Amino acid sequence: MTHHFRLYVAGITPNSIQAIENINRICREHLADQVELEVIDIYQQPELAKTLDLIAIPTLVRVAPLPEKHIVGNLSDTAKVLQILEIKAGK
Amino acid sequence: MTKELYNNELAKAPTGIRGFDDITYGGLPRERTTLVSGYAGCGKTVFSMYFILNGIIEYNEPGVFLSIEENENDLITNFSSFGFDIEKLQQDNSLILDNINLSRPELQSAGTFDLTALFVRIEQSLKKNNAKRLVIDTFELLFHEINDPNVFRRELLRLINWLKKKKITAIFTSEATNHGISHYGLEEYITDCVVTLKNIKEENIYTRRLHILKYRGNFHGTNEYPFLIDKTGITLMPITNIKMPQYVSSDVLPCGISDLDKKLSKKGLYAGSSTLISGTSGVGKTSFGMSFCYENLQQGKSCLFFAFEESAAQLRRNMQSIGMDLEKYENTDQLWIVSDRPSISGIEMHLVSILKKVHDYAPDIVVFDPVTTLIEAGTLLEVRNMLLRLMDYFKAKNITVMLTTLISGAKPSANELGISSLVDNIISLENNIDRYETRHTLSIDKIRGMSYDHQVFQLVFTNHGLKIRLMNKPEKS
């Protein structure tokens with residue numbers, strides 16, 4: 001099963017950097033290689049804030065598998081992320 | 001000292017809402033955020049909407065209206081119902097409507113975050129038309145979405161400061177609860193200005209009221225002010241805040257009975273003064289009030305006549321019998337007869353609607369016939385307060401006013417409303433039964449600022465209007 005994530009960040013802030021590191025780590029540790037991750041800087045594409053009704057940053061959107069999930073925060077709470085994504089810990 | 005005070009006065013962004021800019025001495029704090037709070041249906045959205053639309057139309061300040069509840073089409077429908085051409089304002093880019101749709105998957109948090117995406121979105125909108133004004137309605141709904149009080153409060157403060165730097169004058173709205181004026185204590189963070197709106201039910205009549213809870217660094221009216229929302233928008237009548245006029249007129253207006261003018265040392269009534277015509281039923285109070293209008297209409301003045309007991313048609317017919325052609329002046333829009341019963345609405349609403357008419361029509365003269373009918377609409381104390389506010393308002397606007405008052409007892413000097421001290425002039429009319437005929441008499445009880453004849457006169461109705469004669473020398477008519 002392929003996971004597809006979009007991570008919305010705003011420039012290079014500590015939260016953004018941590019979120020990128022955390023999602024990469026979570027994918028590496030818990031999802032093997034079946035992952036597609038796009039990191040999108042809303043400063044570069046500000047119209048996305050409106051189109052996607054984004055409010056919080058960072059926001060991680062799981063595009064696939066459905067249902068779509070939205071997680072806000074720097075993803076430092078690994079257990080919470082796994083719980084929301086319904087992923088069992090470990091490979 | 002005084003000059004310094006003025007220089008340091010806060011800059012204001014006028015709302016263009018009638019009355020509101022008076023009680024705040026200019027409007028909302030410019031380049032600051034104001035919280036407008038109220039229960040559902042209290043007029044928060046309408047208030048905010050007018051702030052934006054008046055800003056565009058009257059003050060040339062583009063605006064952004066960001067709704068968290070309603071979609072763009074609903075907003076357009078709502079705004080258009082007040083007679084604005086919203087699509088035109090959108091086309092010329094002076095108005096930007098935006099809405100955040102919160103009906104997407106629920107947000108869950110895992111780690112720290114901020115609301116930068118919201119900032120980015122707002123900035124996008126503000127940039128599009130170089131907006132000076134912003135509304136976020138209902139701001140608080142964003143909190144439901146975030147569901148983290150600490151983040152919300154931190155980001156709220158950041159947003160307020162950010163908007164200040166961008167020189168944006170903003171309104172955030174919140175829903176009042178039984179415990180306070182917002183669910184999450186927004187009022188503790190939005191510190192520059194807080195306005196609350198209420199819809200109070202008293203004796204089965206709803207009255208909308210506005211209260212300025214705080215306004216940092218600014219004097220403001222502290223009362224709850226009744227306001228009205230109708231097709232022409234919001235009207236607030238802050239009469240208690242009207243400053244005493246700097247300028248007092250020494251012009252005089254004819255009182256309506258030319259012989260009586262001669263009995264006054266200045267040959268008429270002062271412009272901007274108030275005159276009470278008191279008397280029992282059928283002594284000619286209405287005729288006097290209308291004669292006053294008529295004399296002045298002939299001199300090019302405009303008159304607003306509130307007839308609380310008669311229809312305009314009835315007045316036209318009756319006045320014709322004493323030589324007045326009212327229709328002539330109604331047709332040229334110099335005379336407006338408003339005929340309605342005060343009991344239809346509550347006293348506050350009645351006051352607001354009266355003042356709105358006076359404000360819109362801007363007459364030189366206003367007549368209330370009879371002012372005693374207003375008692376039907378409220379308690380004696382309420383009516384007295386209302387009249388006090390009315391008199392202040394008229395004085396400030398240099399409008400000359402005549403009130404007739406119905407005396408039920410035989411002695412006309414008594415004054416049921418206790419308003420004799422509020423008015424400048426009092427003229428009493430009386431019925432005197434003198435052997436075989438009833439004679440109408442007229443006497444001047446008080447005229448502020450001039451001397452007058454203290455005799456009792458006979459009041460005679462002729463087909464050329466009202467006349468007075470000396471009592472002991474009756475002439476043949």
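## Interface between chain B and chain A

In this predicted model, the contact between the two chains draws 26 residues from chain B and 27 residues from chain A. About 2200 Å² of area is buried between chain B and chain A, and carbon and sulfur atoms account for 58% of that area. Of the area that chain B buries against chain A, 26% is supplied by B:Gln108, B:Ala110 and B:Ala117, more than by any other three residues.

Polar interactions also cross the interface, with 13 residue pairs in polar contact between chain B and chain A, both residues of each pair being at pLDDT 80 or more. On the side of chain B that touches chain A, the elements giving two or more residues are β5, β6, α6 and α7 of chain B, and α6(B) provides the largest share, six residues. By residue class, that side of chain B divides as follows.

| Class | Residues on the side of chain B that touches chain A |
|---|---|
| Nonpolar | 12 residues |
| Polar | eight residues |

Two salt bridges are counted between chain B and chain A; the side chains of B:Asp98 and A:Lys50 meet in a salt bridge with an N to O distance of 2.7 Å.

Strand pairing links the chains as well: β4 of chain A (residues 69-72) and β6(B) pair in the parallel sense over three bridges, and B:Ser109 in β6(B) is the bridge partner of A:Val72.

As for confidence, chain A has a mean pLDDT of 88, with 95% of its residues reaching 70 or more. Among the elements of chain A, the mean pLDDT is lowest in helix α3 (residues 78-85), at 88, and highest in strand β1 (residues 3-9), at 93.

Note on methods:
Residues numbered from 1 in each chain as written. Chains lettered and ligands numbered in written order. Heavy atoms only, no water. pLDDT = per-residue confidence, 0-100. Helix = DSSP H or I, 4+ residues; strand = E, 2+ residues; numbered from the N terminus. Contact = heavy atoms within 4.5 Å. Buried area = accessible area lost by both parts, 1.4 Å probe. Salt bridge = Lys/Arg side-chain N within 4 Å of Asp/Glu carboxyl O. Polar contact = N/O pair within 3.5 Å; in protein donor to acceptor, adjacent residues only side chain to side chain. Nonpolar A, V, L, I, M, F, W, Y, C, P; charged D, E, K, R; others polar. Pairing = 2+ DSSP bridges.
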